[in-house]
Each structure stands twice: as structure tokens, then as C-alpha cells.
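This report covers selected features of one protein chain.

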Amino acid sequence: MELLQAEPALYTGLVFLFSLLVGSFLNVVIHRLPKMMEAEWASQCAELRGEVLPPATRYNLWLPRSACPSCGHMITALENIPLLSWLWLRGRCSACGTAISARYPLVELFTALLSAAVAWKWGMSVQTLGALLLVWTLIALAFIDLDTTLLPDDLTLPLLWLGLLFNLNGHFTSLSSAVIGAIAGYLLLWSVYWLFKLATGKEGMGFGDFKLLAALGAWLGWEMLPIIILLSSVVGAVVGIAMIVFIRHDRRIPIPFGPYLAGGGLVALFFGADLTHAYLARI
């Protein structure tokens with residue numbers, strides 16, 4: 001432990017390597033959690049209808065083993081090494097040659113890079129543990145929302161409570177700021193949702209967005225909410241307009257807002273205090 005404290009580069013490198021494994025697990029969460037939710041909803045609907053569904057094959061984050069979706073080839077341990085296996089296989093299944101999406105190694109690399117940045121910024125501390133949990137959960141939520149336009153309660157609600165827990169001793173902000181941030185984050189987007197719905201008769205965002213902003217408020221405090229909202233709204237608007245103009249995205253198809261909230265939260269986590277001080281210095 002003393003060696004790691006004395007050598008921040010070594011500590012950061014170890015966090016990077018460990019987080020590659022975490023990124024690999026996040027790929028599993030991103031792929032399987034929505035399917036697990038769909039199966040649970042189907043079971044609940046069948047129960048309400050008085051139907052009895054046949055026993056389902058066990059499916060969770062651990063079972064069954066990962067396999068090629070095309071040929072069913074079980075992924076071996078050597079084929080499941082983060083980054084390296086994808087490069088070694090040249091992005092293709094070893095059995096049937098079907099292309100493996102480059103998103104898998106990119107998620108692993110993105111997770112590792114952000115985790116290393118956390119380790120470098122906070123060193124060996126409770127803040128590093130908390131920030132890593134926040135970063136990993138935001139990555140999973142962002143990609144799940146991109147794929148399904150869902151922000152699962154199984155991730156957003158524990159994230160909110162963890163934020164309050166870590167701020168009991170003020171690790172990222174004061175407890176009062178965290179509580180106000182959670183309340184204000186939820187009510188802010190809740191109000192926007194209802195104003196938009198009353199004005200247009202349409203739903204502009206999902207309830208998961210309220211919970212995600214509440215969670216970010218619980219972690220970073222109410223002071224960071226303006227930065228998160230500003231960054232996510234501006235980037236979301238630019239990307240949305242670009243998609244409509246350049247790739248003819250159908251305006252009736254919703255664009256998930258969760259990835260932009262997650263991105264705004266990450267910027268606020270790393271640079272929020274500096275951005276706030278720079279803004280106040282100009283006033």
C-alpha cells in the first residue's frame with residue numbers, strides 16, 4: 001500500500017488494468033440487463049392475466065456463458081481477455097468468422113481510461129472508490145439508454161442512494177447539498193416533462209432521466225446541476241439537429257437524453273469545481 005501511495009503512476013496503471021475487466025463486465029450488463037427486465041415484465045403481465053408461463057432458461061448477469069449470437073460458439077477464457085482478444089481475433093468469431101462489434105473493446109478502453117483518470121485525480125482515497133462506482137454506472141446507463149431508451153431503476157436508484165451515502169462525510173459535497181441536489185435534480189426534469197406535455201400533449205423524456213439527474217445531484221450537489229443541465233442540453237441539441245439534418249433521423253423517434261446527462265455528470269465530476277470558479281471569477 002505504501003508503494004502504491006508513493007508511486008501514483010503504478011497505482012493508476014493497476015486501476016487501468018483492473019478497469020479493463022470491469023469494462024468487459026459492463027458490456028455484459030449493457031447487453032443482458034434490458035433482456036432480464038423484458039423477461040420480468042413478461043412474467044408480470046402473464047401473472048396479471050392468470051397465465052402460467054413454462055419455466056424459463058436461467059438468464060442473468062452470470063449465466064449462461066457468453067456465446068457467439070450467430071453460431072452459438074461458447075466464448076473461451078482466452079477469447080474473453082479485454083481488448084487483446086478482440087485484436088487477436090481481428091474482430092471476428094473464431095468459429096464462424098462473424099464480425100464482433102468494435103463497441104465491446106471501445107467500452108472496455110473507455111472504462112479503463114476514465115477509471116485511470118479518477119485514480120490519478122483522487123489517488124488512494126474513499127473519493128476514488130466512490131468516483132469509480134459513479135463512472136462505471138454512468139457508462140452502463142448511457143449505453144443501455146442508447147440501445148433501448150431505458151434507464152433501469154436497478155441502476156439509477158442504487159446510484160442515488162450511494163451518492164447520499166458517500167456524502168454522509170462530505171466526500172464530494174456536503175450532505176445538505178447532496179440531499180437538495182437529489183430533490184432538485186428530480187423536480188427540475190419532472191417540471192420540464194409536465195410543462196412540455198401540457199404544451200404539446202407529448203412526452204419529452206422518460207422518468208428515468210429524472211432519477212438519473214437526481215442521482216447526479218446526490219453525488220455532486222445542487223451546485224453542479226446547472227453545469228450538468230447546460231452541457232447535456234447543448235450537446236444533446238447539437239447532436240439531435242445534426243442527426244435530423246445529415247442522416248434524416250425521423251423526428252418522431254425519440255433521442256435518448258441519458259447519455260448526455262451522463263456525459264454532463266462526468267464533466268462535472270472532473271471539472272465542475274474549476275468551471276464554477278472560472279465562471280464566478282468573470283462575474
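## Nonpolar surface patch

In this predicted model, Leu 165, Leu 168, Leu 175, Val 179, Ile 183, Leu 187, Trp 190, Trp 194 and Leu 198 make a nonpolar surface patch of about 860 Å². Helix 7 (residues 175-200) supplies the largest share of the patch, 7 residues.

One of the patch members is Leu 175, which is placed in helix 7.

Ala 214 belongs to helix 8 (residues 207-220). Its relative accessible area is 1%, so Ala 214 counts as buried.

Apart from neighbours within four places in sequence, Ala 214 contacts Leu 160, Gly 181, Ala 182, Gly 185 and Tyr 186. Between the C-alpha atoms of Ala 214 and Val 179 the separation is 9.2 Å, with the two residues 35 apart along the chain. Val 179 is also one of the residues of the nonpolar patch.

## Helix 4

Helix 4 (residues 103-122) contains 20 residues. From first to last C-alpha it reaches 28 Å, close to the 28 Å expected at 1.5 Å a residue. Gly 123 follows helix 4 and has a positive phi, near 65 degrees.

The buried residues in helix 4 include Pro 105, Val 107, Glu 108, Thr 111, Ala 112, Leu 114, Ser 115, Ala 116, Val 118 and Ala 119. As background, residues three or four places apart in an α-helix point the same way, because there are 3.6 residues a turn.

## Aromatic pairs

The whole structure holds 13 aromatic pairs. One of them is the stacked pair of Phe 25 and Trp 62, at 5.3 Å centre to centre and 20 degrees between the planes. Phe 25 lies in helix 2 (residues 8-48) and Trp 62 in the loop between helix 2 and helix 3 (84-88), so the pair ties together parts that are 37 residues apart in sequence. Phe 25 is partly exposed, at 30% relative accessible area, whereas Trp 62 is exposed, at 63%.

Trp 122 and Phe 270 form a tilted pair, with 6.1 Å centre to centre and 40 degrees between the planes. This pair links distant parts of the chain, 148 residues apart: Trp 122 is in helix 4 and Phe 270 in helix 10 (residues 258-282). Trp 122 is partly exposed at 22% relative accessibility, while Phe 270 is buried at 12%. Both residues belong to one aromatic cluster, formed by Trp 122, Phe 166, Phe 172, Trp 219, Phe 270 and Phe 271.

Key
Residues numbered from 1 in each chain as written. Predicted model: local features only at pLDDT ≥ 70, side-chain atom pairs only at ≥ 80, totals over all residues. Heavy atoms only, no water. Helix = DSSP H or I, 4+ residues; strand = E, 2+ residues; numbered from the N terminus. Buried < 20%, exposed > 50% of the residue type's maximum accessible area, 1.4 Å probe, protein only. Contact = heavy atoms within 4.5 Å. Expected span 1.5 Å × (residues − 1). Patch = residues over 30% accessible without salt bridge, like charges linked within 9 Å, V, L, I, M, F, W, Y side chains within 5 Å. Areas by Shrake-Rupley, 256 points an atom, 1.4 Å probe, with all protein chains shown as cover. Salt bridge = Lys/Arg side-chain N within 4 Å of Asp/Glu carboxyl O. Phe/Tyr/Trp six-rings, centres within 6.5 Å; stacked < 30°, edge-to-face > 60°.
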